[in-house]
Amino acid sequence: MNRILKPSPLAVKILVGVFALCLLVVLSIWVVGTFFLKPFAGQKIQRAVYEKSDQLYQIQLNELTYNPFTGKARITDVKLQADTARRRQLGKEAPDLIFEGNMPEISVQGFQLFSWLWGKKLSVEAIVLNQFDLRLTQFPNTKPDEPEVQKTPYEMLNKQFEHVKIGRIQGDNWTVKQVDRRTKKVRTLSVQKLSWKVDDLLIDEKGHLDTTRLWYAKAIEVNLDSLVLPNQDLSASVQVKKIQLSTANKRLQIEGLGSIPSYPRMEYVRRTGNTSYTKAVVNHIELAGLDLSKYWLQKKVKVEVVTVEGGLVNAFEVRSRSSKMDGPRKPFPHQLYQQLPFQLDIDSVKVRQVDIVYDELNPKTNQTGNVNFRRIKGVIVSLSNDSLRKTNVCKADFQASFMGVSSLQTHFTFDMRSPRGQYTCAAELATLDLRVLKSTFKPLALMDIETGIVDRFQFRFSGDQVKTSGSGTLLYHDLKIKILKPDEKKGFKIRDLFTFAANKVLMYESNPMPKKEVRQGKISYERIPGESFFGILWRSIRSCLSDSALKT
């Protein structure tokens, strides 16, 4: 007969005691995490922030809870404040950049507390930071210039953590405002409705060598609805309506990118002392094949295709040679590209439906003439500021409607390594009724075109930041003009004698003239320092037109 073994009273008491102890520990951890974490951890966080910042920062927390069984933590009403009086007391030891902000809640999921306490391994499933109102103030640099020692995030964190692993960090509906006080005119950068997400963040000893990660993360997404970035003197600003970035898809989309002057063009000229004004807006830009993996350590960015669709460039210039004679020459667009603070390689740029309008004010007539290029489409290839790239030539081919009526084919080459900004320009213009240029020649050249047809216009010239030279062939017939002079009542008045002399003595009616060879026009123009790139192109072409039509 089998006997049933009964546990001894002592064993039962031990088991019950261990169970009760475990239950008490569990309940204590839960009670402490739920009700008493803020007095202990909250005060410790506040004291650490205050002491580590040399009494510059204070942080306030309303509620701090943690459930060790689910790994959920919650911090509410987070406020970070900086003491400006303390910053003045710190003198040269004060930081140049001050952070302040408010956040309704920080939510943490899957936080493994014991891995952190016992193994120096920070492991979190998700951190959510929503509706952060972040304010930054940039002060002048008060410290002596010293070379910065570049450290990886792991090198900065390895004393506290063996590794940091976070499944997802997410911020929605942020506003960011940066006040720049480094110059007399205070600049304010403004970002509205910023949302971002970082997936699978891993910071460890070899994390920076993982080529499948960008900045230690498998994927980064950024979305914002408004960005305003003023320039140094507040005369203009870069504005963006919307930005969408996905490193997983290697794609960046920008809507409504513009360089916007702060004043109307004549007021801009008066306030800044410049004689040129440019306003540029692009409706849509998309970067495909965007590779940012080498930016962190090597400051290199690679892009396969950039698509530019829809936009307007309005360039305005006041004709004033005397005001442009002194001072440095303004850099050309490809020279500005060379000055980027990082290496940017773009295989190709595709442009569609972009308009360029060039206006020029003649102070003698106080009127403006213009030329325009509508519905521009084309391709730019090998756009790079890499000094080690095999080819230094960037090529650009465009098609456009000149003055909205005539087809224009243009081809540019840019020497991306030339310190003098060397380039070439070649173009061919189809049939054109010259009367469409009345609005150009009347205010700028004091000349009215009565009749005239261009059969074809071809030209080619090369240039740099000093001069242009080349030649062109203008085939035309039935050209008749009127020479004008400004008139206060009528605007312009015909100068009969000069008109007769121009048509009969000074100018050819056609090219070629009957039973004569085709005349070739010479392009030779010497730039004055203050002229814009668009102005140089137009005046170089105009010199060819004059040389083709006028008798020598």
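What percentage of the 552 residues of the protein chain count as buried? In this predicted model, 41% do, where buried means under 20% relative accessible area, exposed over 50%, and partly exposed in between (1.4 Å probe, protein chains only). Residues are numbered from 1 along each chain as its sequence is written, and side-chain values use heavy atoms, with hydrogens and water left out.

The protein chain comprises 10 helices and 24 strands, taken as DSSP runs numbered from the N terminus (helices H or I, at least four residues; strands E, at least two). Of the contacts (heavy atoms within 4.5 Å) between residues at least 6 apart in sequence, 62% join residues at least 24 apart.

Strand β7 (residues 163–180) contains Thr 175. This residue is partly exposed, its relative accessible area being 24%. Leaving aside residues up to four places away in sequence, Thr 175 touches Phe 132, Asp 133, Leu 134, Val 191, Gln 192 and Lys 193. Between Thr 175 and Phe 132, the C-alpha to C-alpha distance is 6.4 Å, with a sequence separation of 43 residues.

Arg 495 is located in the loop between β23 (491–494) and α9 (496–506). With a relative accessible area of 32%, Arg 495 is partly exposed.

Key. This is a predicted model: local features need pLDDT of at least 70, side-chain atom pairs count only at pLDDT 80 or more; totals for chains, interfaces and linings use all residues.
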